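Open the structure in your viewer and keep the selection tool at hand. This tour tells you what to pick next and what you will find there.

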Amino acid sequence: MPDADTFVAMNGLTREYVSSKGLFGPTRSMRAVNDVSLDVPRGKVTGVVGESGCGKSTLARLVLRLIDATAGTVMVNGVDLGTLSAGALRKLRRDMQMVFQDPYSAIDPRYSIRRALEEPFRVQGVRLDKGVIEDLTAKVGLSPRMIESFPHQLSGGQKQRVGIARALALKPSFLVLDEPTASLDVSIQAQIIGLLEELKQDLGLTYLFISHDLSLVRYFCDRIVVMYLGRIVEILPNARATSRHHYSRTLMESHFEPDPARRKLVTRLAGEIPSPFNLPQGCAFAARCTAASELCRRERPLLETHADGHQVACHHPAD
Amino acid sequence: MALLTVDGIRVAIGSLTPLDGVSFTLDKGQILGVVGESGSGKSLTAMSVMGLLPLIGGRVVSGAIRFDGIDLVGLAEPKYRALRGRRIALISQNPMTSLDPIIRIGAQIDQVAMLHLGLGAEAAKARSIDLMCQLRIPEAETIHASYPHQLSGGMKQRIVIAMALAADPDLIVADEPTTALDVTIQAQIIQIMVDLVRERGLALMLITHDMGVVAQACDRVVVLYAGRVAEANSVEAIFADPQHPYTRELIRCIPRHGQAPGSLKGIPGAVPSVMDYPQGCRFHPRCEAALPLCGTSVPVFERKTSGFAACHASEAVHA
């Protein structure tokens with residue numbers, strides 16, 4: 001039973017997609033998210049990191065039930081999302097919102113910023129008091145004169161601020177941030193991360209932060225979840241912990257520091273990423289792993305808890 | 001003499017001047033990083049060198065571009081065509097825009113050598129497969145017969161690199177070659193490019209917004225801001241002792257390992273549009289070190305205590 005400090009509890013969460021080869025061809029299935037159990041602690045930033053196809057964005061959508069799970073449950077504040085009616089779910093969504101990766105497609109181009117920010121109130125039937133829109137834009141650092149402008153008049157960073165303002169409109173306590181800075185310049189990315197840090201402090205928010213950028217995750221998150229091909233392979237209890245899974249290590253070694261004195265020696269990765277439609281029987285990373293043994297190819301390692309709540313799914317974890 | 005010399009080029013598109021006095025040199029066996037935010041003129045600089053400005057209605061109005069003794073500004077298109085692909089090759093950000101989706105991979109690489117080196121079909125194929133092996137493309141024979149959609153993004157980018165190398169060029173212009181790729185793949189591709197430069201004595205102009213990539217791969221760096229050069233120096237010096245506040249801020253935008261929470265700030269504001277470049281130093285409205293002088297007088301690009309920069313706040317050294 002999740003304790004009071006857990007805001008969201010996922011248990012055995014799975015999402016399967018089926019595709020067919022041609023109109024009458026054989027169907028095949030893949031699990032974008034495969035048996036994921038994860039607690040999101042209240043008031044903390046939980047980071048989910050991984051490469052394309054690891055299932056991190058699908059996980060973000062499952063948590064808010066924007067898509068339905070094939071199996072498993074999501075409990076929010078002790079309420080099972082899967083059992084809720086459409087109406088009850090909509091009401092609960094006031095408390096949990098999402099900030100999308102692409103601020104360009106997240107706002108209707110024909111809506112003024114005011115109208116875009118009024119929309120959540122209209123959809124939820126919440127009374128809109130005078131000055132609320134002005135407060136919201138001020139909170140995300142947009143100047144009041146932008147309220148009457150249209151998305152095409154705004155820069156990418158300003159649009160993402162509108163996206164954040166809209167997510168905050170109904171005073172949620174939980175935000176899912178799905179690569180909110182991936183399409184922005186580094187200078188603007190740093191601005192947005194700074195803003196998210198401030199908002200978390202001021203409003204006591206809980207974040208689930210999805211990213212492919214390890215340096216950002218390490219900087220911004222209290223806890224780091226590493227995913228590979230639909231499964232959690234490692235959970236680092238804090239940003240300073242050293243990773244023990246060989247995939248997480250590869251990920252860290254592939255990240256270039258902005259310091260020529262700390263150049264990385266890039267070792268060649270053997271093997272290819274397996275097809276998600278045809279996963280190997282054992283560890284999904286075994287084909288690319290330097291520490292892989294016969295056991296790894298035969299048996300999939302389970303996520304085991306080590307000291308300090310550090311969880312690793314590896315038969316031969318590094319020290 | 002340097003292989004490539006870009007000397008004070010001004011580029012006009014209609015009545016606008018998006019590039020205004022960009023200069024740098026590049027030697028054989030060297031990697032030059034061209035960095036800056038979007039809108040700083042990185043891609044326009046690449047297009048100027050490639051002679052592709054007419055495609056967007058632009059032209060070099062003053063300044064010179066010399067490649068191995070040849071004056072590229074005003075070079076007739078048939079002569080440019082003999083250089084492009086043969087001696088100067090381009091790797092673009094999105095491999096899909098460089099590959100024809102309905103032609104087999106192999107044919108696309110083969111035709112470069114057939115066209116530029118006059119090789120027969122079989123010799124060209126043997127050469128392509130050899131190149132693919134050098135780029136660590138597994139099962140080169142099979143991939144040679146595949147179509148682009150059958151390959152992953154990282155593999156497609158390797159094919160584009162193979163195409164760029166097929167005619168054995170002297171200079172490669174790579175415009176954000178790894179921006180669209182996952183980190184582990186990015187690390188591999190950057191390593192491949194660095195190895196090629198070292199082994200073949202190629203010159204590489206690497207356009208990127210990622211200071212991590214710059215620190216990892218480059219020998220020299222040119223920082224562009226709003227169509228002008230802000231600073232140029234060796235990679236070690238530019239990270240250790242940046243002379244221009246813009247360079248300093250750009251480096252600070254990337255969180256370092258172990259950086260304290262709340263300390264990431266970003267650069268306030270955004271790159272100005274070419275339609276309203278500010279008077280004086282174009283960075284002064286965003287600059288924390290701005291002096292009254294910066295708003296009225298354009299700083300000269302001159303020798304500083306370390307390298308060259310265009311900044312009133314940094315002391316000049318007169319030889």
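The stops below go from whole chain to single residues.

**Before you start**

This is a predicted model: local features need pLDDT of at least 70, side-chain atom pairs count only at pLDDT 80 or more, and totals for chains, interfaces and linings use all residues. Residues are numbered from 1 along each chain as its sequence is written, while chains are lettered from A and ligands numbered from 1 in the order in which they are written.

**Stop 1: chain B as a whole**

Select chain B. It holds 11 helices and 12 strands. Helices (H or I, at least four residues) and strands (E, at least two) are DSSP runs, numbered from the N terminus. The radius of gyration of chain B is 20 Å, close to the 20 Å that the globule rule gives for 319 residues, so chain B is as compact as a globular protein of that length. That radius is taken over C-alpha atoms, and the rule is 2.2 Å times the number of residues to the power 0.38. Along the principal axes, the C-alpha atoms of chain B fill a box of roughly 65 × 50 × 35 Å.

Now colour by burial. Of the 319 residues of chain B, 48% count as buried. A residue is buried if 20 or more other C-beta atoms lie within 10 Å of its own, exposed if 12 or fewer, and partly exposed in between; the C-beta atoms are placed from the backbone.

**Stop 2: the sheet of chain B**

Show the strands of chain B. An open sheet of 8 strands runs in the order β6-β7-β8-β3-β9-β10-β12-β11, with mixed pairing. Its edge strands are β6 (88-91) and β11 (302-303) of chain B, and each pairs on one side only. Two strands pair if DSSP finds at least two bridges between them.

Zoom in on β11(B). It is joined by 2 bridges to β12 (residues 308-309) of chain B, and the two run antiparallel. Look for B:Arg303: its bridge partner in β12(B) is B:Phe308.

Next, select helix α1 (residues 42-50) of chain B. It lies across β3 (31-35), β6, β7 (171-175), β8 (203-208) and β9 (220-225) of chain B, at about 150° to β7(B). Axes are lines fitted to C-alpha atoms, for helices over the stretch in contact, and angles run from 0 to 180 degrees between N-to-C directions. Two residues are in contact if their C-beta atoms, placed from the backbone, lie within 7 Å.

**Stop 3: where the chains touch**

Show both chains. How many residues does each chain bring to the contact? Chain B brings 36 and chain A brings 35. On the chain B side, α8 (183-200), α9 (211-217), α10 (235-240) and α11 (245-252) each give two or more residues. α8(B) gives the most, with 6 residues.

Stay with α11(B). It is mostly covered, with 7 of its 8 residues buried. Among the buried ones are B:Tyr246, B:Leu250 and B:Ile251. Their cover includes α7 (186-203) of chain A, together with α9, β9, β10 (228-234) and α10 of chain B.

**Stop 4: chain A strands**

Select the strands of chain A. Here 4 strands form an open sheet in the order β2-β1-β4-β5, with antiparallel pairing. β2 (27-41) and β5 (79-80) of chain A stand at the edges with a single partner strand each, so one side of each is left without a neighbour in the sheet. β1 (residues 6-20) of chain A pairs with β2(A) over 11 bridges, in the antiparallel sense. Find A:Ser19, whose bridge partner in β2(A) is A:Arg28.

Move to β6 (residues 96-99) of chain A. A:Met96 and A:Met98 point one way, A:Gln97 and A:Val99 the other, and all are buried. β6(A) pairs with β7 (residues 174-178) of chain A in the parallel sense, over 4 bridges.

**Stop 5: one buried leucine**

Finish on B:Leu181, in the loop between β7 and α8 of chain B. Is it buried or exposed? B:Leu181 counts as buried, with 22 C-beta neighbours inside 10 Å. Not counting residues up to four places away in sequence, B:Leu181 touches B:Gly153, B:Gly154, B:Gln157, B:Gln186 and B:Ile189.
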